[in-house]
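Please read the following points with the sequence and the model open beside them. They are meant for a colleague who has not seen this structure before.

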Amino acid sequence: MSPGELICPAGTPAALRTAVDAGADAVYCGFQNATNARNFPGLNFTPDELASAVAYAHSKAAKVLLALNTYPPAGKVDLWRSAADTGARLGVDAFIVADMGVADYIARTYPDMRLHLSVQAAASSPEAIRYYCENFGVKRVVLPRILTIPEIRAIRKEIPCEIETFIFGNHGLMVEGRCSLTNYLTGQSTNMDGVCSPASDVEFIRHGDGTMSSRLAGFSIDCFGCGEKAGYPTICKGRYTAPHRSDPYYAFEEPVSLNLARLLPELIDAGVHAFKIEGRQRSKSYVRSVVSAFRTAVDDIRAGRPANITDLVALTEGQKQTQGAFASKKWR
Amino acid sequence: MHWRANLDPKGAKFVRGAGSRLSCVLIQPLLSYVVRRIGDRHPSVFARLGSYKQSAFLIDAVELPFALHLCPDPKALAFRAVPRDRAPHAEARIRGRFMLLLELVDSERDGDAAFFSRDLDVSGDTEAVVRLRNALDDVEGSIAEEAAGVLGAPGRAILARLRRAYKSEAKGGQQA
């Protein structure tokens, strides 16, 4: 049976300790710079904080995975190499990478270090995954959230590495690592600067009638009715009018979160080695609730008991949840 | 009949304003003491705020008769009660129910979830709000308990009572 490792997010040292205490097998985190895809204000770790975090996690038999999962601009690789050097020196258990140059540097400089392929690499076919395994020694792939469970099962049979899938958090239907929507409006790149909808460009406006508009770089993304549940101010989850649609509609995707709690037994059976919880930008409260809930569920399944699944809908975006492509390609 | 019922709207507004200003004066020493003590105990908060230490935040707990104005610069740390109608400039404004705001400070509730549910309003400089949220979220322990502890046993008893009332109300709301 697959071990069903629980891979949990941490945006701060306190969140990392919370995740470990709640039962994380491994925690993923990043530095306070563009080397990771959650380069948000006030979030992430200094090298000193990471050193303490590694010591804490290891004392509780948990692992620390360092996300270096953005793409260096051409010729500007020093920041990523330096981050890899620091991570290796501090004893992290694996690097999560997307860029081939970063993967190549780590594979050559630290041949004993585990490499995990980030979802930002958007490797969704056996051919693509095998390429990273053969050329950089990748030991685990984080699959994009666009595959059904039968497709995951089929891929598992054709690749020489472990599979990690997201089980909770961002629905993530875009071709990850390729989305340029934020860059188009703000000039900052999700993939190279690590910022999707940078907070400095986000504006919320509360109107007198109780409605609320969200804007990015001056462009309206959505207007929520009085009492209507809200979502993140990202372009992909905006509601727009268009010449062919007089009523505002979600042109790309809806504000909704992935929740695969009820599919855990099938994912384990399909050979998924590790389960990832999204949300390094979320609070300790979120980390505590979600990690505890999935720790209980995974332990129940592995012990042959019916899974006790906690209701997490209050923590979901738009307070709606979906099994997305994992259940069917016809989720919309 | 309540004596204020006899007042015309202008009179009632004057009385409310006077009540608000009196509340501000009464609570100010406590706020100043609490914020200095918490600043001394959790200096890492200032590092996570970065240059936003120089920003001002207006924290508007809707049930209170005043708003709270926070300037988190360690060199000039200030936490003041201000009448809503005379609130000084702030780069960012955070609005919600008092106990929700307290639970967010203590990371007992998730800020994004409170935003999704529309229980929490933010406006102004979003980056300042995100930085403040992340800075407070990295604090271990309960800031609310520390603040209540300044008043000793009575403070802790008041906080416990407020929490019970809020949880009971939230439970009633879910059942309704």
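**Notes on the predicted model**

1. In chain A, three strands form an open sheet in the order 8-9-10, and their pairing is antiparallel. Strands (E, at least two residues) and helices (H or I, at least four residues) are DSSP runs numbered from the N terminus, and two strands pair if DSSP finds at least two bridges between them. Strand 8 (202-206) and strand 10 (219-224) of chain A stand at the edges with a single partner strand each, so one side of each is left without a neighbour in the sheet.

2. This is a predicted model, in which local features need pLDDT of at least 70 and side-chain atom pairs count only at pLDDT 80 or more, while totals for chains, interfaces and linings use all residues. Residues are numbered from 1 along each chain as its sequence is written, chains are lettered from A and ligands numbered from 1 in the order in which they are written, and side-chain values use heavy atoms, with hydrogens and water left out.

3. Strand 8 of chain A is joined by five bridges to strand 9 (residues 212-216) of chain A, the two running antiparallel, and Phe204(A) stands opposite Ser214(A) in strand 9 of chain A. Ala217(A) lies in the loop between strand 9 and strand 10 of chain A. Although Ala217(A) is not a glycine, it has a positive phi of about 50°, and with a relative accessible area of 28% it is partly exposed; here buried means under 20% relative accessible area, exposed over 50%, and partly exposed in between (1.4 Å probe, protein chains only).

4. Ser107(B) also deserves a look, in the loop between helix 3 (98-105) and helix 4 (111-116) of chain B. Ser107(B) has a positive phi of about 55° although it is not a glycine, and at 1% relative accessibility it counts as buried. Most residues other than glycine have a negative phi.

5. How many of the 12 residues of helix 5 of chain B are buried? The count is 10, so this helix is largely enclosed by the rest of the structure. One of its residues is Asn134(B), in helix 5 (residues 126-137) of chain B, which counts as buried at 3% relative accessibility. Leaving aside residues up to four places away in sequence, Asn134(B) touches Thr12(A), Pro41(A), Gly42(A), Leu43(A), Gln281(A) and Arg48(B), contact meaning heavy atoms within 4.5 Å.

6. Ser51(B), in the loop between helix 2 (44-49) and strand 1 (57-61) of chain B, counts as exposed at 55% relative accessibility.
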